[in-house]
Amino acid sequence: MKLSEVKANLKSLEKIAFQLPNGELVPSHFHVTEVGKVTKNFIDCGGTVRNEEVVNFQLWNEQDYDHRLHPEKLVNIIELSENVLGIPDLEVEVEYQGDTIGKYGLDFDGTNFLLTSKLTDCLAKDKCGIPEKKEKVKLASIQASGNSCAPNSGCC
């Protein structure tokens, strides 16, 4: 989800809720402690130089049950970050503390912001010799053609 989409969705909400991939909600007394631009410059295992940029939100819980982050306040924080840090309309990544800091993608279901699982991947499969995954097909789902034998037809 792009930063502009987050702001547009926030403007339609009365309260903010983030939902983890397992369906649990981040406690409602969370704070967004950081909004920033993260730049990652790296070389993949095939030797290609890459550059990625995302907007990062860091969610944090503490025992501060009396304060709730309201949508308009988060929009103000985002806009301040855009102006001061020169943040363009990038994809948003969310950090949230579980057993360790987890990184999530972001989606929206009309009510809640959904923290989506992110996966690692090899970016140079062609140079590493990693074969493409073959699509698994159930044999029962393949329709018989004129060249195939039907069960009990005596062709085998």
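Reader: Are Phe18 and Phe30 buried or exposed?

Author: Start with the cut-offs: buried means under 20% relative accessible area, exposed over 50%, and partly exposed in between, with a 1.4 Å probe and protein chains only. Phe18 is buried, and Phe30 is buried too. This is a predicted model: local features need pLDDT of at least 70, side-chain atom pairs count only at pLDDT 80 or more, and totals for chains, interfaces and linings use all residues. Residues are numbered from 1 along each chain as its sequence is written, and side-chain values use heavy atoms, with hydrogens and water left out.

Reader: How many aromatic pairs does the structure hold?

Author: Rings of Phe, Tyr and Trp (its six-membered ring) pair if their centres lie within 6.5 Å; planes under 30 degrees apart are stacked, over 60 edge-to-face, the rest tilted. The structure holds three such pairs. In one of them, the ring centres of Phe18 and Phe30 are 5.3 Å apart and the planes stand at 90°, so this pair is edge-to-face. Phe18 lies in strand 1 (residues 18–19) and Phe30 in the loop between strand 1 and strand 2 (31–43), so the pair ties together parts twelve residues apart in sequence. Ring pairs also link Phe18 and Phe30 with Phe108 and Phe113 in a cluster.

Reader: Which secondary structure pattern does the protein follow?

Author: Helices (H or I, at least four residues) and strands (E, at least two) are DSSP runs, numbered from the N terminus. Here there are three helices and six strands. Along the sequence they read α-β-β-β-α-β-β-β-α.

Reader: Which residues of the largest nonpolar core touch the most other members?

Author: In soluble globular proteins, nonpolar side chains tend to be buried together. A nonpolar core is a set of buried Ala, Val, Leu, Ile, Met, Phe, Trp, Tyr and Cys residues joined through side-chain atoms within 4.5 Å. The largest one has 29 residues, and Val6, Phe18, Phe57, Leu59, Leu106, Phe113 and Leu115 touch the most other members. Elements giving two or more residues to this core include helix 1 (3–10), strand 3 (49–60) and helix 2 (71–85).

Reader: What does Leu115 touch?

Author: Contact means heavy atoms within 4.5 Å. Not counting residues up to four places away in sequence, Leu115 touches Phe18, Leu59 and Leu106, among others.

Reader: And where is Glu93 found?

Author: Glu93 is in strand 4 (residues 92–97). At 9% relative accessibility, Glu93 counts as buried. Residues touching Glu93 include Lys103 and Lys118.
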